[in-house]
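Hi everyone, thanks for making time. I'd like to walk you through a few spots in one structure, so let me put it up.

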There are 2 protein chains.
Amino acid sequence: MTINDVAALLLRHDNYEIITHHYPDGDCLGCGYALCLALQQLGKNARVVNTDLPERFEFLAENVKAQDFEAEYVVSVDVADEKLLGCNQEKYAGIIFLVIDHHKSNCISAPHKYIDADAAAACEIIYEVVKALGAELTHDIINNLYTGVSTDTGCFCYPNTTPRTMRIAADLMELGCDSAYINKIMFETKSKRRVELEREVLDKMVFCADDQCAIIYTTLKMVEGLTDDETEGLASIPRQIEGVRMGITAREKADGTFKISVRTNGDVDACEFCRQFGGGGHAAAAGCTITGSLETTLDALKAAVEKAL
Amino acid sequence: MTINDVAALLLRHDNYEIITHHYPDGDCLGCGYALCLALQQLGKNARVVNTDLPERFEFLAENVKAQDFEAEYVVSVDVADEKLLGCNQEKYAGIIFLVIDHHKSNCISAPHKYIDADAAAACEIIYEVVKALGAELTHDIINNLYTGVSTDTGCFCYPNTTPRTMRIAADLMELGCDSAYINKIMFETKSKRRVELEREVLDKMVFCADDQCAIIYTTLKMVEGLTDDETEGLASIPRQIEGVRMGITAREKADGTFKISVRTNGDVDACEFCRQFGGGGHAAAAGCTITGSLETTLDALKAAVEKAL
């Protein structure tokens, strides 16, 4: 499939439900709302279905029309695996019509798939799709796209950033997106409770494999009363420490599991590491879920790390 | 003067001394070494003169040839004022031949000046100069330029970033600069001791004026054995906290004083605040010195904050 094929396919049908992955981030939300806004602009019925919408991302959905229609075609954006649909998995598994994604490991089975693993953010693909659709790049659309591109690259800092990423961001800035506002909200604002959580997380950080791996964790008690937003993005903390090749974040969930995020400099394969726990992702950033207590989870991680490094 | 005029002027002469501002940052160093490398490549004698060269920037100078010559022409890069030459001020004041800068406020008097206040980083200008000189954009030159462009924009996050900044970075990345390595060193590497300092600073953070002000401090004991690099940039911590209109950093000095940095979003006048302690600066960023113990210094600050907010 080419970008033009994706656009032609979307133009041929109507009544779209666009779905994103659970724990939605700036990229899947940016993709979802940008595509939805473009389709609505072209006279289509479309809505975005998320498991939730964190407060700081609410502005992305601000000018999306609430339309009353029966969904016919399901489009997934930035979803590598049906398992990542969270509470929407049962509803959408097996009925996805079009998959648009930038994860090499994408394993969704669907009649139409467009995967571009060279895209740092899935929003890079949606930018091309919106243009190929012939939709106007409105203020809301470009803000959605910029949010996706900037958040998935850590504000153009992560190694996944490419010249194409930079040029798309340049285009979006030239078109008048609110890059300064978005960057301030996404990268330079922390709640007081978030700062307190960071302090506690640093206090409890664990090193292993001769300090080449740092593991941080949050328990349900540590994040009690905090929003998902306030507990997001801790994964960058261990990775930043000098000499650390693998940074791991373990977050306790209410269902008795720990959600694991692994970040590496790319020389250690984070995806391969997570696959042994049934997860996946990219070489530099991947994730998985481990069932167990804090102690058994940390022990399992440490044992796997000693083997990997 | 146009960029081509700058290049023609540089091509006409020889034996250059390129000077940077004191407390050199990635932008002035990137400018200095990129220009020096380009001039050397074209058969000229050139050297860079800094007040110092912090360790993490040493790679920028790696392939600059040490040439033995008597300097004839002095070029300043990214230096807004002769006062900012630090210990080199006396040597170079009044003899600067060519000024290349992006500070609107540049007040150096020189026969040749090229100021582009729209450039987020002075390295954006040097990129154009190197191309106009007809020099090859070697690996060392593009690494210097990328370092300048990325550090002066906080990795493309600060509001000074423009589409031009993004496109120049895209060009440099396409030419093969080590953007991932540079970003990692500049933005994503903290020593273990730095992380420990941040934890201690967060532990001791003080809020006042209904949480509208956050004060952090370091004592001599807290920073014992740490390099300047490791204690830099703490001022961004209190400023990032949601609801904080005034972020204050107090650093104990060996002479029994505390060096105070005040950061605001501009709505509270940091300069006016610091003036009551004999200091000054800008509306959003100002500083002063307070003589006293930690307790009396914090008390004085808190009392002044309660009045100001």
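Quick definition before we start: when I say helix, I mean a DSSP run of H or I with at least four residues, numbered from the N terminus. And keep in mind that this is a predicted model.

With that, go to chain B, to the loop between helix H5 (139-152) and helix H6 (163-174). B:Phe156 sits in that loop, and its phi is near 70 degrees, a positive value in a residue other than glycine. Is B:Phe156 buried or exposed? Buried, because its relative accessible area is 1% and the cut-off for buried is under 20%.

Now over to chain A, and the loop between its helix H5 (139-152) and helix H6 (163-174). There the residue to look at is A:Cys155, with a positive phi near 60 degrees, and again it's not a glycine. At 3% relative accessibility, A:Cys155 counts as buried.

Since we're on a cysteine: how many disulfides are there over all chains? Zero, from a search of the whole structure. Take A:Cys36: the nearest cysteine sulfur belongs to A:Cys31, 13 Å away. For A:Cys271, the nearest one is that of A:Cys274, at 7.2 Å. A:Cys271 is buried, at 5% relative accessibility.

Last stop, helix H2 of chain B, residues 26-41. At 1.5 Å a residue, its 16 residues should span 22 Å, and the end C-alpha atoms are 22 Å apart, so that agrees. H2(B) is mostly covered, with 15 of the 16 residues buried. Just after H2(B) comes B:Gly43, with a positive phi of about 90 degrees.

Technical notes
Residues numbered from 1 in each chain as written. Chains lettered and ligands numbered in written order. Predicted model: local features only at pLDDT ≥ 70, side-chain atom pairs only at ≥ 80, totals over all residues. Heavy atoms only, no water. Helix = DSSP H or I, 4+ residues; strand = E, 2+ residues; numbered from the N terminus. Expected span 1.5 Å × (residues − 1). Buried < 20%, exposed > 50% of the residue type's maximum accessible area, 1.4 Å probe, protein only. Disulfide = S-S within 2.5 Å.
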